[in-house]
Amino acid sequence: MSGKQTTISFPIRKKSNFYSRKEEVNEDFTNATAKDTPSRYVPTVKKIVTLTSSESESDSDIENTKERHKVPRERRIENAGHTPRRRKCDDLNEQHTPSPPKQRRDKLESSLTPSTLLNRLILSPKKEGRLAPKQLFDSCLSEEEDEIISKPIGSNKYQNARKSLHGSITDNLPGREEELTKLQKYLLEHLDQKTSGSLYISGPPGTGKTACLFKIMQQSDVRSKFKMVYINCTSMKSATAIYAKIIQELSIPGMTKSGKNGKAIIEKYLVSKHKTLLLVLDEIDQLESKKQSVLYSIFEWPSKPNSKLILIGIANSLDLTDRILPRLQARCELKPALMHFAPYSKQQIFNIISTRLNEANATNVFTPPAIQFLASKVAAFSGDIRKALDISRRVIELASSHQVAQVLRPTIDNDTNIEPSKKETEAVEKPVDLKEVITVLNGVYGGIQNLSNEQDTFPLQQKLLICSLLLILNKGKNKDITVGRLYEVYRNVCKKRNISAVDTSDFVNMCSLIETRGILRVVGKKEARLCKVNLQWDQEELDAALQDKQMMADIINDANCL
Amino acid sequence: MSKKKNMAIDFQDNMILLTRKYLKRRIMCPETKFRHHVNERLHVMNLVKRTVEIGESNSVLLVGPRDSGKTTLVNSVLKELSALKSFKDNAIIVNLHGLVHTDDRLALKDLTRQMQLENVVEGKVFGTFAENLSFLLDCLKSGDKHHSKPVIFILDEFDLFCEHHNQTLLYNLFDVAQSAQVPICVVGMSCRLDVMELLEKRVKSRFSHRQIFLFPGDTSSSEQPMSAFDDRLELFRDLLSLPDDENVNKVEQQYDDCTTDPQFGSMWNDYIKSLTTNVTMVNLLKRMYHIDVSERSFRNFLAVAVSTLSEKHQKLEVNDFVEASKIFSQDDKLLILEGLSILEMCLIIAMKQETEIYDGEPLNFEAIYNRYMKFANQNSSVQSVQKPVIMKAFEHIKNLEILLPVGNTNTKFEKEYQYYKFTLTSQQVIEAVKNYPGLPTEVSQWASSSI
């Protein structure tokens with residue numbers, strides 16, 4: 001195949017055997033840099049391809065013939081000529097595709113370059129259903145691949161459970177019935193009275209605001225009566241870009257290229273005769289601008305006569321409309337209705353997880369106390385359902401990895417209390433219990449400030465440095481610590497313990513090494529010695545961690561070294 | 001006869017040069033072979049694999065200090081996976097780097113290019129930022145679990161992506177990962193341990209809270225547990241030994257041009273092994289390990305030691321390592337001081353005394369000048385120099401940034417009265433006085449005299 005864009009040609013290394021000439025030594029480092037570049041994989045992949053192409057021929061032949069049966073049939077139905085899978089049947093494409101530039105590109109690319117299937121999907125979304133499924137999901141999976149897939153993933157039940165707990169699946173929303181009915185009532189009321197209105201929905205992330213709206217928008221009785229526009233404002237480059245986006249979504253003609261008259265066009269559209277419009281702006285606080293002109297004008301649209309617009313804004317902060325849009329309060333008809341989504345309670349999270357597991361027929365994967373515990377922990381921190389689902393997914397992962405590969409130790413870093421020997425004797429299909437939940441929760445909420453379990457990996461001199469810092473903080477009069485002062489104390493400490501101290505340049509280096517751990521922060525850039533050292537961690541906690549070792553405790557309590 | 005002898009010598013010379021070449025490349029080139037952190041590696045591997053094979057969307061952050069093997073880990077995972085046919089055919093890998101893609105516009109352009117989307121023609125991306133973003137999101141949204149290729153995003157220097165405007169890119173990537181769209185796997189690498197605090201709340205909520213911490217020298221999870229320093233010794237041995245005859249061409253394909261003589265190789269390896277039992281050597285390594293556990297600086301140190309090999313110097317002695325370690329541990333401020341003239345040395349001593357007397361208060365030229373003149377008048381042997389010359393010397397010291405101006409440095413003050421802070425310790429000055437070749441005795445006496 002021909003060259004790709006991603007690879008940069010480097011001077012090719014000459015092959016030299018052992019007895020070759022000496023001059024070639026200086027080639028080494030050009031190669032060294034070449035290897036360092038992140039795009040290194042592409043060449044390796046290429047290499048492997050050439051190696052394995054002969055093996056894989058048998059597989060791809062079968063697929064190709066399958067494709068050939070499929071493709072003409074599709075083409076008969078759809079004359080557009082966009083083939084869904086150009087990757088597999090290049091030769092056929094070259095005869096049929098009408099658009100020359102694409103074909104040229106296809107030839108230029110090597111088939112290995114990941115030219116995506118996505119593109120084809122966008123061009124003709126209607127065709128989606130008829131697309132040949134990706135090779136992986138084909139039934140004609142080659143055997144060794146099948147093995148590879150099934151091996152690390154574990155039993156089917158776990159897989160189902162994990163799939164059902166993914167954040168993406170939202171069919172029904174337990175715990176949000178009240179909000180759903182309220183929303184629906186609001187919408188239908190306005191629809192019946194043919195009035196327009198604005199609604200502001202607030203709530204912390206992960207409380208199902210967007211999911212609720214989506215659910216309502218999917219109901220057919222609502223869907224047929226409204227013209228719906230959903231815009232997520234985070235993808236806007238600037239606040240004013242929203243007008244262009246709305247116009248695009250409504251497909252109103254008459255937009256100039258610069259997009260300057262966007263506001264005028266929309267306002268014109270609103271007073272003209274049209275179906276009731278439901279405009280949903282997600283993450284509306286992204287539209288904040290200098291004088292909030294965009295937000296004001298958007299919130300003023302519903303008050304226009306005959307606008308028939310229902311505006312729904314979604315954001316996190318409870319008081320957004322009061323804080324940044326105070327002028328809306330002045331006129332009664334402008335004032336948006338407010339709705340708040342409270343964080344999920346413990347019982348609600350429990351219900352969500354168990355209903356999801358029920359749907360997937362995997363109820364016995366979790367024991368109820370385990371879910372209870374997880375739910376209460378998440379509810380106590382944030383009430384974010386995304387977090388709860390992610391944690392439960394990780395718990396299942398952990399459990400399945402225990403069972404599939406008992407030889408391997410658990411994948412989460414700080415679990416120490418699970419003995420591998422005990423695990424081996426356990427039954428194969430054991431439901432997830434509290435222990436795993438605790439393990440994962442510790443990983444998520446445990447934070448980074450656990451020095452005690454990395455005692456051994458923390459170098460001695462760095463420990464001494466921290467001890468000196470604590471010594472000054474605990475016993476010293478002047479809490480204003482510079483690197484220079486810290487160094488003096490550190491030298492005293494070293495002298496007293498008969499440890500050879502490092503010199504200044506190394507010491508500064510050491511400070512920055514500790515800084516990467518987040519224990520302390522060196523403030524100031526210019527001259528290292530005059531920089532201030534601030535402790536980032538909790539002093540008492542660090543104190544306690546270091547007091548464990550006799551020598552460290554001695555140092556911390558030895559005021560003579562100051 | 002003599003010719004044959006020459007040949008033999010040639011052979012030996014060549015051998016040592018090739019050895020040097022081989023070792024240098026081995027030390028300096030990052031490998032995809034990954035040591036330690038077995039569990040973490042398995043974790044990442046499973047995540048990426050699941051994204052590609054089941055179509056699950058994932059996000060993960062690899063956090064660890066610099067040089068803790070984050071990139072190596074990801075590289076090794078990808079290399080191993082790319083050997084699988086199903087992975088290689090199906091996955092798209094997108095590499096983004098926070099230092100290169102300094103804003104979302106650049107990142108998006110490169111992302112589009114690497115994904116080979118429709119608006120890319122011969123490596124150039126058309127359209128504005130907003131167009132590109134909406135196009136990309138449309139692409140990602142229109143795909144679903146079963147029909148589109150999984151995309152693996154690898155974000156290096158993840159913390160720099162957090163500084164982008166509104167974190168738009170991150171929000172959108174994590175949003176796709178949370179919803180039923182194209183299966184993607186976002187792998188972020190960062191050296192900041194508090195990277196989660198940089199994320200906005202909505203971005204944080206969408207992130208899966210899966211952080212994997214890597215600490216260098218953490219050997220607890222490796223195949224055979226051993227102490228951290230033993231592992232360093234092992235690395236030392238590993239990096240400096242030549243390949244055995246069997247695995248020359250099989251295992252290490254990238255070094256295929258160095259086919260070593262097995263006899264020489266085994267001799268060399270035995271020697272290196274004996275080095276690791278040498279007391280001086282072990283002490284040196286231990287000392288270095290206590291200061292700095294990172295592997296990169298250790299490799300640099302080895303590279304310096306290895307580059308002393310030559311035709312005349314055929315073996316790595318312990319002394320070579322000691323010399324090499326000196327390069328890394330010497331104080332560069334002292335080296336600067338050694339290069340100063342005697343007059344400048346005198347001024348430095350004056351500054352030292354001035355700071356000692358007034359306990360770190362800032363000083364100006366006049367004070368130093370007076371102190372110096374007092375010394376010069378007492379000792380007749382010291383030539384008195386004119387004031388402009390001393391000023392010149394003072395400015396030279398200032399330019400070396402041994403003196404730092406205090407407060408604002410605009411031209412409000414005459415330069416004689418501008419206040420400076422002295423940045424050397426008195427110990428450093430005394431050390432420098434000791435090391436200075438041919439310093440007059442009066443000066444060194446003056447330096448050591450207490451006030």
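**Exercise 1. Helices 13 and 14 of chain B**

Work out how helix 13 and helix 14 of chain B are oriented to each other, and which residues hold the contact.

*Solution.* 
Step 1. The model is a predicted one. Helix 13 of chain B covers residues 295-306, and helix 14 of chain B covers residues 318-329.
Step 2. Two packed helices are described by the angle between their axes and the distance between the axes. Here the angle is about 130 degrees and the axes are 9 Å apart.
Step 3. Angles over 145 degrees count as roughly antiparallel, and 65 to 115 as roughly perpendicular. The two helices are therefore oblique to each other.
Step 4. The crossing of helix 13 and helix 14 of chain B is right-handed.
Step 5. Helix 13 of chain B brings B:N300, B:F301, B:L302, B:V304 and B:A305. They meet B:F321, B:A324, B:S325, B:I327 and B:F328 of helix 14 of chain B. These contact residues divide into 8 nonpolar, 2 polar and no charged.

**Exercise 2. Helices 10 and 11 of chain B**

Classify the packing of helix 10 and helix 11 of chain B, and list the residues in contact.

*Solution.* 
Step 1. Helix 10 (residues 228-240) and helix 11 (residues 262-275) of chain B pack at about 155 degrees. Their axes lie 10 Å apart.
Step 2. The cut-off for roughly antiparallel is over 145 degrees. So helix 10 and helix 11 of chain B are roughly antiparallel to each other.
Step 3. Their crossing is right-handed.
Step 4. Helix 10 of chain B contributes B:F236, B:R237 and B:L240. Helix 11 of chain B contributes B:W268, B:I272, B:K273 and B:L275.
Step 5. Sorted by type, the residues of this contact are 5 nonpolar, no polar and 2 charged.

**Exercise 3. Helix 15 of chain A**

Compare the span of helix 15 of chain A with the expected one, then find its buried residues.

*Solution.* 
Step 1. Helix 15 of chain A runs over residues 346-359 and has 14 residues.
Step 2. From first C-alpha to last, helix 15 of chain A reaches 20 Å. That is close to the 20 Å expected at 1.5 Å a residue.
Step 3. An α-helix has 3.6 residues a turn, so residues three or four places apart point the same way.
Step 4. The buried residues of helix 15 of chain A include A:I349, A:I352, A:I353 and A:R356. A:F350, A:S354 and A:L357 are buried too.
Step 5. After helix 15 of chain A comes A:N361, with a positive phi near 60 degrees.

Notes:
Residues numbered from 1 in each chain as written. Chains lettered and ligands numbered in written order. Predicted model: local features only at pLDDT ≥ 70, side-chain atom pairs only at ≥ 80, totals over all residues. Heavy atoms only, no water. Helix = DSSP H or I, 4+ residues; strand = E, 2+ residues; numbered from the N terminus. Expected span 1.5 Å × (residues − 1). Buried < 20%, exposed > 50% of the residue type's maximum accessible area, 1.4 Å probe, protein only. Axes fitted to C-alpha atoms, helices over the stretch in contact; angles between N-to-C directions. Parallel < 35°, antiparallel > 145°, perpendicular 65-115°, else oblique. Left-handed = near helix turned anticlockwise from the far one by under 90°. Contact = heavy atoms within 4.5 Å. Nonpolar A, V, L, I, M, F, W, Y, C, P; charged D, E, K, R; others polar.
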